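Morning, everyone. Let me put the structure up, and then I'll walk through the interface, the sheet and the rings.

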Amino acid sequence: MKSYLNGMDHAAAGLAAACRHTPGRSNHFVLTLEFGGAVQPAWLRERLEALPEMVLRLLAGRTCRGINLAPWWRPGVPQPVPLDWQPAADDAWRRFADLPLPEHCALAVRGVTSRDGRSIVFFKFSHRLFDGAGAERLLRLILTGAMPPVWAHPGMPSPALNDWTRQFQAGKRLNRLLRAIGSAGVILDRPATGTARSGGRMRLKTVTLAPVRNLSEREAGPFMFGCYAMALSARAVARWTENRRFNGGSRLVMPVSLDLRQRAAAEEAIFFNQWGILPLEWDVLAIHDRAWWIDATRRQVAAALATGVPGDFQLANLPMRILPERAIGWLGQHCFQRGAGTLMFSFLAQADLPEQFHGVDIVNFYHAPLMPPAPTCGLFLNCWRDRLNLVVCWREGGLEDDGEAEALLALVAEELTGV
Amino acid sequence: MDYETILKTLCDEIAVITGLDPAAVVPEAPLGDNRIDSMGFIALLVAIRKYWRLDFVSGGLTAADSASAAALAHRIVLELAR
C-alpha cells in the first residue's frame, strides 16, 4: 500500500525547498538529549541497528509522483542510521544542525562528550517524514528498544483525488481566516533581511515547571496550560518588540503549531506531519492587561477548533500537490513575507521518554528546529520532568545578536513564572 | 435534561476528540486518563457550548468541576437548573 502525503507534508516539502540555499539545505529539526553521565556510542549503535526493516526503509525513502501527480513516499533500500561522536564544542548543535542530512536519509545522530564526561546526543530528523511529536515517539522506541511488531499504515492510504469538495471547503475557510487577519490593520512585523543563505542559531533557557503550572491553573483554569503558554509567550514577544526596529503595527500575529494526533492512535502515529497551523492574533495595545491575553487566546483556539481550522491546513493545500516543491516553497514564503506572522510558536507537553538510558539519567530533553528563511524565528516550548524548556531558533541575521534572543527568552520566562 | 444523558453525551464527545472507543471512556476517571489534554479540553468546552449553550471557554470551571466527565456532567446539570 502506498503512503500518500497530506497537506502538511506538502507544506514541509515547500519549507525544505525554501531552505535549499542554507548550509543545512533543508528545514530539518534536532532533538537534544542531555545526559547526567557518559553514554557509550555502542549502546546507541546497537539500538539504531535494531530498528525494524520497515522503519529503515521509510527512513531511506523519498517522494515520488504517481500518474495522478499525487506525491507518495517510496520506501528505499535500508541503510544504517548515520551515527558519529565528536569532542565537546560550544557550537556543537550549530555544526550538526547546519550539516545537510545525507540523500534519502531522514535521521542522523551525533553524540558529543563534554569535558566533565557527560554526553549530549543530537537526533536530526527530516521534516519530510517526521513532525516533532512523531520524532519523540521514534526516539522513545530507540531508547527503550521496545519496537512494536505491527505499525499503523503511515501517511494517507489514498491520494484523496475524489475529495475535492472537502478540500476546497477547507481552502475557503482558511482564505477567509487569513484575509480577515490581513485586512484588520497593520501587523507588527520584523524585517526579514539577508537570511536566505544563513545558518541556524538557537538559544535555550530552562525554568522550573511546577510554579508555571500552578500559576497557569490559577490564572487560566484547569487544563489550560497550552493556551496559557501561547498567550504569555505572545505577550512576551509583544513586549520584546516594543523598543525594537519593527514596524509600528498594533496587531501581533503568531502562527501556532498544533499536534492533531488523536490521542488513542498516537502510539503508532509516528511518520509524516500530523500537525496543523493556527494563526492567532492579539492587540498589542492591550499589553498591560495580562488576563485579556489569556482569554483572547482561549477564545481564538475555541473558535478555530469549532470550525476545524487547524485540520484545514492538512486538506486545503492538497490541490497544490501538482506544483513543483519549489513553487510550494515560494508560495509559502510569499505569504509569510506579506506579514502573516512575527514568529512561529510551538508547545509540546511532557514527552513520554524513559528517564534513563542504560542507567544514565536523561537530565534534559528539548526541540530545536532549523527555521525557514521566513518567518526566520521560532519559539519552541517543551516539558521534561520538572523542567520547562524555552528555545529560540532563528536564521543568522534574523536577529541582531544572541543577546536579542536571550532578551526574548528572559521575557518569556518572566511572563510564565510571574517573576 | 437529566444527568445520565448529559454524561453519555460528554463521554461520546471525549471518544470523538481522543479517538478512543466510546466504551473505553471511564466517566469517573480523571480527564487526563481519558487522554484529554489542553487542546482536547478546549474541544470539549466547544462541544458543551454547542449542546447546552453554556460558555466555559473564558473560565468558570474549578479544578473539581473538571476532575472527570462525571464531575463535569454534575456541573452542567447545576448550570442548566439555574
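Start with the interface. Chain B brings 26 residues to the contact and chain A brings 20 residues, where contact means heavy atoms within 4.5 Å. Before I go on, the ground rules. This is a predicted model: local features need pLDDT of at least 70, side-chain atom pairs count only at pLDDT 80 or more, and totals for chains, interfaces and linings use all residues. Residues are numbered from 1 along each chain as its sequence is written, chains are lettered from A and ligands numbered from 1 in the order in which they are written, and side-chain values use heavy atoms, with hydrogens and water left out.

Back to the contact. Chain B and chain A bury about 1,800 Å² between them. Buried area here is the accessible area (1.4 Å probe) that two parts lose on being put together, summed over both. Of that, 60% is on carbon and sulfur atoms. Which three residues of chain B supply more than any other three? They are R35(B), M39(B) and I42(B), with 28% of the area chain B buries against chain A.

Now one residue there. S38(B) sits in helix α2 (residues 38-52) of chain B. Helices (H or I, at least four residues) and strands (E, at least two) are DSSP runs, numbered from the N terminus. Leaving out residues up to four places away in sequence, S38(B) touches F223(A), M224(A), F225(A), G226(A) and C227(A). S38(B) counts as buried, at 15% relative accessibility. The scale: buried is under 20% relative accessible area, exposed over 50%, partly exposed in between (1.4 Å probe, protein chains only).

F225(A) has another neighbour. R213(A) lies over the face of F225(A), at 4.5 Å from the ring centre. K124(A) lies over the face of F96(A), at 4.2 Å. The test is NZ of Lys or CZ of Arg within 6 Å of the ring centre and within 35 degrees of the ring normal.

Next, ring on ring. The whole structure has 14 aromatic pairs over all chains. Rings of Phe, Tyr and Trp (its six-membered ring) pair if their centres lie within 6.5 Å; planes under 30 degrees apart are stacked, over 60 edge-to-face, the rest tilted. W43(A) and F357(A) are edge-to-face, 6.4 Å centre to centre with 80° between the planes. W43(A) is in helix α2 (residues 41-49) of chain A and F357(A) in strand β12 (residues 356-357), 314 residues apart. W43(A) is partly exposed at 22%. F357(A) is buried at 1%.

A second pair: F130(A) and F271(A), tilted, 5.6 Å centre to centre, 50° between the planes. Each lies in a loop, F130(A) between β7 and α5 and F271(A) between β9 and β10, so the pair ties together parts 141 residues apart in sequence. F130(A) is buried at 0%, and F271(A) is buried at 2%. F29(A), F125(A), F130(A) and F271(A) form one aromatic cluster.

Last, the sheet. In chain A, an open sheet of six strands runs β8-β15-β14-β11-β9-β10, with mixed pairing. Two strands pair if DSSP finds at least two bridges between them. β8 and β10 stand at the edges with a single partner strand each, so one side of each has no neighbour in the sheet. Eight bridges join β14 to β15 of chain A, which run antiparallel. One partner pair there is N382(A) with N389(A).
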